[in-house]
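Let's take a friendly walk through a protein model together. Have a look at the picture first, and then read on.

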Amino acid sequence: MANEVLLTQSGVEKLQQEKEDLINIERPKVIEELQLARSQGDLSENADYDAARDKQARIESRIKEIEQMLMHVTIIDESQLDSSVAKPGATVTILDLSESDAQPEVYQIVGSTETDPLNGKISNESPLAKAIIDHGVNEIVSVGVAEPYEVKILNIEYLS
């Protein structure tokens, strides 16, 4: 499906929580800001009113975006996956063979909307994840980037 959004269960929960916060906390705040700005008089030259309208538009846009993602979500069911090969949802330990003093690195392969490289979550669409997916422990795979490099898969886990 072209609109498919691949997420872990925790990713779905985070999106649902963000949507609830936007609807129940942020939306009422911006309504208050709009009412306060309106009470200041002339709206044509009211920067506070313009800022509140912009914020309202961003909130409504994000709510719609989340609703669309949730309508097209495919949840990665980690409990049904076989840890002999890497798939989205896997936590994979790799060793970069291009570096002589490389240390093992751990990444979780997630859908593109959950990507957070600073916390070890890489998109299933990234070159590294594409190289790892469908390969098993002790396999050496080539990562297709401008200057290709090889990594060895040390471990594959599916954490619930």
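**From a loop to the core**

Aspartate 134 sits in the loop between α3 and β6; helices (H or I, at least four residues) and strands (E, at least two) are DSSP runs, numbered from the N terminus. This is a predicted model, in which local features need pLDDT of at least 70 and side-chain atom pairs count only at pLDDT 80 or more, while totals for chains, interfaces and linings use all residues. Residues are numbered from 1 along each chain as its sequence is written, and side-chain values use heavy atoms, leaving out hydrogens and water.

The phi of aspartate 134 is near 75 degrees, a positive value in a residue other than glycine. Asparagine 138 lies in the loop between α3 and β6, and its phi is positive too, at about 75 degrees, although it is not a glycine. Is asparagine 138 buried or exposed? At 53% relative accessibility, asparagine 138 counts as exposed, whereas aspartate 134, at 46%, counts as partly exposed. Here buried means under 20% relative accessible area, exposed over 50%, and partly exposed in between (1.4 Å probe, protein chains only).

Now let's turn to the core. The largest nonpolar core has 18 residues; such a core is a set of buried Ala, Val, Leu, Ile, Met, Phe, Trp, Tyr and Cys residues joined through side-chain atoms within 4.5 Å. Its largest share, four residues, comes from α3. Leucine 128 is among the residues with the most contacts inside this core. Leaving aside neighbours within four places in sequence, leucine 128 is in contact (heavy atoms within 4.5 Å) with Ile94, Tyr107, Ile122, Val143, Tyr149 and Val151.
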